[in-house]
Amino acid sequence: MKGAALRELDRQVALLDGSQARLRSIRPSDASGLKELFGRVTPRSRYLRFHHFVSGLTDEEARRYTGVDNPGIFGVVVTVESGGDERLIGVGHYFRGGTATAEVAFLVDDPYQGHGVATLILEELIEIAKRHGIETFEADVLGENRQMMEVFQRAGFPLRTILKYGTLHVSFSISNHVPAN
Ligand SMILES: CC(C)(COP(=O)(O)OP(=O)(O)OC[C@H]1O[C@@H](n2cnc3c(N)ncnc32)[C@H](O)[C@@H]1OP(=O)(O)O)[C@@H](O)C(=O)NCCC(=O)NCCS
């Protein structure tokens, strides 16, 4: 099942400005691209992602986030073509916690935020997670992170939110998700 899901996911998508991008499963060869993405986004974006200030990903984290052997982690990237190279502009992961629960997290390159990248990734993560028996997604979102909350709200699920020390713990059932197209 896992291999089938990986092979299936590689397609062209249109961003909100009409430009073309590629949506695909993450690969071990994305480790350097992922490190570059986490290193070049603004400190604020990294802060919103990790909830504390970091300068980027360690090699070990980059390997872990791009591994396909760990059944508990699944990543999806969006890339664009840049001077003949494939440039990674957004990433989303789910990290399986309990048997049927996974935590989701996203990072989108600053110039591409608001272009629909995280929305596309979330749709895809939901479909893959469902095929792997996950029923609930959770996320810890800083209270100031309006964009992340809008992405979850746009997905159309009833959200359960608990505010604790300035962080919103969000959870929603993905079982009844209907793919966008
Ligand atoms: C939060 C984050 C992941 C959102 O990613 P994104 O790609 O910018 O999100 P999207 O573009 O899909 O959605 C954001 C906006 O586009 C809108 N949008 C998305 N798809 C749309 C569509 N099909 N039609 C109309 N509007 C749409 C959303 O409503 C939202 O509106 P806003 O610009 O007024 O906020 C991104 O801002 C980011 O990387 N932030 C830093 C790291 C972070 O916060 N990570 C989350 C930790 S859990």
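Modeller: Before we start, a polar contact here is a pair of N or O atoms within 3.5 Å; within protein, one must be able to donate a hydrogen and the other to accept it, and residues adjacent in sequence count only if both atoms are side-chain atoms. The model is predicted, so local features need pLDDT of at least 70 and side-chain atom pairs count only at pLDDT 80 or more, while totals for chains, interfaces and linings use all residues. Residues are numbered from 1 along each chain as its sequence is written, and side-chain values use heavy atoms, with hydrogens and water left out.

Biologist: OK, what does a backbone N or O atom of Val108 do with the ligand?

Modeller: That Val108 atom lies 2.7 Å from an oxygen atom of the ligand.

Biologist: And which side chain has an N or O atom 2.7 Å from a ligand oxygen?

Modeller: That's Asn145. A polar backbone atom of His115 is also 3.3 Å from an oxygen atom of the ligand.

Biologist: How much of the ligand's accessible area does the protein cover?

Modeller: 81% of the 940 Å² that the ligand has on its own (Shrake-Rupley method, 1.4 Å probe).

Biologist: How many residues surround it?

Modeller: 22, with Val108, Gly114, Gly116, Thr119 and Asn145 the closest (a heavy atom within 4 Å counts as near).

Biologist: Switching topic, how many aromatic pairs are there?

Modeller: The structure holds 9. In one, the ring centres of Tyr94 and Phe137 are 6.1 Å apart with planes at 40°, so that pair is tilted (centres within 6.5 Å; under 30 degrees is stacked, over 60 edge-to-face, the rest tilted).

Notes:
Rings of Phe, Tyr and Trp (its six-membered ring) pair if their centres lie within 6.5 Å; planes under 30 degrees apart count as stacked, over 60 as edge-to-face and the rest as tilted.
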